[in-house]
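User: Could you take me through the packing in this model, one topic at a time?

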Amino acid sequence: MSKRFARLGIAGATCALGLVAALLTGCGSDGGSNDGVAKLTFAASTFGDPGRGPLLTAWLDEFNKSQDKVQVSAAAVPYPTFGQTVLTQMGSGKGPDLVRFDMPEFEAAADAGLIAPLDDLIDVGKYNLLKQPDQFMVHDGVRHGIIFEASNYAMFYNADLIPQPPTTYEQFFATAKSLTKGDVYGLAFRQTEAEEAGVWQDIFNYVYGFGGAWSDGKNLTINSAENLKGLQAYKDLYDANVIPRGADAATFRRMFAEGKVGMELNNGGYVTATRGQNAKLNFSVAPIPFPVRKQGAILAPIVINEASEDKEAAATFIQWTLEPQNQVKLQEILGASSVATTTERSAESLQKTPFLPVFDQLTESSLPQIVLGFEAKTPDIRKVIVENVIAALQGKVDLKTALDRAQQQASELAR
C-alpha cells in the first residue's frame, strides 16, 4: 500500500473519535510561533497517569524554564483511544508537534509517512543509546523515533497476600484461585474490546511466555499450537473466575492498590502509578512465571509530526530530554522503566525500590508488542486477534476455531 493511500485511510478512520480528536485541533502545525517563541504541543497518554502525570508535567516545566525560544505544552489523551485519535489528526495534516507513541501506532505512522525523519535534526552519535530497544526506532536506515520509555513486563504481587511469588504457571493459577474469595481477586487482566490495545499487551505475555509468536517474520502464525496453548492458559484463568470480570484497567489497578487484587502482569511504569494510588501498599515484583522467559515490553518512542511547522524547535526538546541529567530525572519519574540512554540506578532508588534489577534483567528477553515482519499492519492484525480471542472468552466460539478465523482474517489484511 502506498504511503499516500495509507495516509488517506488513517485520515478517514474513526469518526466516533471526533470529539476527542478535536481537543488536539489547532496544535502542531496550526500552532506556529508567537513573538519569536515556538509554541509546541506534546501528546502522551502518560500525562493522564495518576502517579506519573503530574511529575511529567513538572519535568516539562523544567524544559520551558530553561528556554526562551521554545515552549512545550502537554496534551493528555486517554490511553484506550490515544493511538487512533492522534493518527487521525496527523493523517489530516494536523495534530501535536511531538507524540509519545506505543509501537503499533509508531510503525503505522512511520509507514504512512506521518513522522518526520530525525537524522538531519538530531545527532544521535552524541548519546549512549540503549542498543537493544533502539534498533526498533530505525526503518530501512532512516531514524523515525527516540526511545522515551522502555518498560519490561513482570509480575506484580501483593507481598502481604503472597509471601513467596509463584515460579510456575501451575503455582500462578493455584495462587490466583486460592486468593479469590469475597471481594478479593487473585488476579486481574483486561478482557473487553473497549480496551483492545490493553488486551493485546496482556495476551502478548501468554503467547510468548508459552513459546508462541504472532509470526515467524515472514508468515503469520496466529493459530500455531504454541499460541493456542498460551491463550488457553489465559482463558483458563478467565473461566476460573479469579479476575474481576468486566473491570477496566483503571478499576482493577485501583483494586490492586487497595489490596483487593493479588497479582497483575504489568510493565515497569506501573510502579510509580501504584505508589501514587497507595504509598503504603506492600508489593513486589518477580519475573512472569511462564514456561519461557520471554515477555512484552512497552517501547514508547517520541516522534516529531511530519506536519509540524516547527520541526527544529521540536528537535530542541528531544535533545534536551537526551541530556544525561534530564534522562536520570525522567527515569526516576517513569519508575522501573528504562529511558533512551544508559543510566545508572542510584543507591537511593535501589533502597526505595529493591526490585528494580528484576526489570533491568529482563531487557534482553523482552520484545516490543508488534507483529515482526508486519509492523505497520500491527494495529489491524491486533484488532482481528483481540476480537476473536474475546469471542472465545465469551463462549461464542471455541478458542481453536477463533484462532483459525483470526489467522485467515489477518492473512487477508496483510496481503
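Predicted model: local features only at pLDDT ≥ 70, side-chain atom pairs only at ≥ 80, totals over all residues.

User: Start with the cores. How many residues does the largest nonpolar core have, and which have the most contacts inside it?

Analyst: The largest nonpolar core has 56 residues. Those with the most contacts inside this core are Phe42, Val72, Leu98, Phe101 and Phe317.

User: Which element gives the largest share of this core?

Analyst: Helix H12 does, with seven residues.

User: And what does Phe42 touch?

Analyst: Setting aside residues up to four places away in sequence, Phe42 touches Phe47, Val72, Ser73, Ala74, Ala75, Leu98, Val99, Arg100, Phe148, Ile302 and Phe317.

User: Which residues does the second core include?

Analyst: The second core is separate and has 52 residues, including Ala176, Leu179, Leu265 and Ala410.

User: Back to Arg100, from the Phe42 list. Where does Arg100 lie, and is Arg100 buried or exposed?

Analyst: Arg100 lies in strand S4, residues 98-100. Its relative accessible area is 5%, under the 20% cut-off, so Arg100 counts as buried.

User: With which side chain does the side chain of Arg100 make a polar contact?

Analyst: The partner is the side chain of Glu149, at 3.2 Å. Not counting residues up to four places away in sequence, Arg100 also touches others, among them Phe82, Phe148, Ile298 and Pro301.

User: What separates the C-alpha atoms of Met137 and Ala391?

Analyst: These C-alpha atoms are separated by 34 Å, and the two residues are 254 residues apart along the chain.

User: New topic: at what angle do H12 and H13 pack?

Analyst: Helix H12 (residues 311-322) and helix H13 (residues 324-334) pack at an angle of about 80°, with their axes 5 Å apart. Angles of 65 to 115 degrees count as roughly perpendicular, and H12 and H13 are therefore roughly perpendicular to each other.

User: Which residues make the contact?

Analyst: H12 contributes Trp320, Thr321 and Leu322, while H13 contributes Pro324, Asn326 and Gln327. The residues of this contact divide into three nonpolar, three polar and no charged.

Conventions
Residues numbered from 1 in each chain as written. Heavy atoms only, no water. Axes fitted to C-alpha atoms, helices over the stretch in contact; angles between N-to-C directions. Helix = DSSP H or I, 4+ residues; strand = E, 2+ residues; numbered from the N terminus. Parallel < 35°, antiparallel > 145°, perpendicular 65-115°, else oblique. Contact = heavy atoms within 4.5 Å. Nonpolar A, V, L, I, M, F, W, Y, C, P; charged D, E, K, R; others polar. Buried < 20%, exposed > 50% of the residue type's maximum accessible area, 1.4 Å probe, protein only. Polar contact = N/O pair within 3.5 Å; in protein donor to acceptor, adjacent residues only side chain to side chain. Core = buried A, V, L, I, M, F, W, Y, C linked by side-chain atoms within 4.5 Å.
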